[in-house]
Amino acid sequence: MAKKTIKGEDGKTYTVKEKKPFYKRWWFIALIVIIVFIAIGSGGDDSETSEATDDTDTIEQTTEVSNEVEEEPEEDEAEAEDVPREHQNALRSAQNYVDTMAFSEAGLYDQLTSEYGENYPEEAAQYAMENVDVDYDEQALKSAQNYVDDMAFSEAGLYQQLTSEAGEQFTEEQAQYAIENVDVDYNEQALKSAQNYQEMMPMSDAELHNQLTSEHGEQFTEEQAQYAIDNLD
């Protein structure tokens with residue numbers, strides 16, 4: 001602390017300690033520091049409050065969007081109520097068929113409208129065709145798999161069965177998809193066909209070979225027919 005010399009009333013000289021100005025004292029500096037920290041803290045609170053407000057706005061917007069999405073099914077239900085009962089029944093019939101069996105589009109329509117089938121009016125059947133949930137490629141594959149599992153077919157014979165008007169009435173593209181994806185061994189199909197013929201009637205190997213390969217017969221390849229003959233019991 002600084003010192004200074006003063007002269008008293010008695011004429012004597014005295015040395016005294018000089019006091020610091022208040023703004024240089026420790027308690028004043030500490031007070032300023034505290035005030036600064038309080039100010040910073042208040043600014044942070046404002047920022048947090050702003051962020052909280054933004055979060056609240058986001059939640060409100062999300063809730064509004066969610067409410068809008070939830071309202072859409074109500075419109076769908078209203079539309080469904082406008083569909084005639086027989087149209088809805090035709091759609092249910094169509095869905096049951098493609099879920100449990102294998103149908104082409106043409107075959108399904110025939111089944112819905114035929115007097116030997118469901119006998120729905122054409123308008124109801126058409127509504128069903130336009131709204132049924134189905135993949136006709138997969139229907140063709142399912143049909144092909146059923147045939148080779150239960151009967152004996154060459155590749156050519158299977159393709160013809162899938163596309164024929166007297167068969168399944170799939171399109172050529174759908175039938176080709178089925179042929180390329182079906183799980184089958186045509187050598188074993190030829191053997192199964194040869195065994196069926198042998199059980200029904202006696203045949204020479206040459207006659208059986210001709211029946212297995214003929215365009216008017218089973219349409220197996222020469223190699224497949226020979227495999228069948230070589231493996232007959």
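A residue counts as buried at under 20% relative accessible area, as exposed at over 50%, and as partly exposed in between (1.4 Å probe, protein chains only). By that criterion, Y97 and F103 are both buried. The model is predicted, with local features requiring pLDDT of at least 70 and side-chain atom pairs pLDDT 80 or more, while totals for chains, interfaces and linings use all residues. Residues are numbered from 1 along each chain as its sequence is written, and side-chain values use heavy atoms, without hydrogens and water.

**Aromatic pairs**

- Two aromatic pairs (Phe, Tyr or six-membered Trp rings with centres within 6.5 Å) are found in a search of the whole structure.
- The Y97 and F103 rings have centres 5.2 Å apart and planes at 65 degrees, so this pair is edge-to-face (over 60 degrees; under 30 is stacked, the rest tilted).
- Y147 and F153 also form an edge-to-face pair, at 5.2 Å centre to centre and 65 degrees between the planes.
- Both Y147 and F153 are buried.

**Packing of helices 5 and 6**

- A140, S143, A144, Y147 and V148 of helix 5 meet L158, Q161 and L162 of helix 6 (heavy atoms within 4.5 Å).

Definitions and conventions
Helix = DSSP H or I, 4+ residues; strand = E, 2+ residues; numbered from the N terminus.
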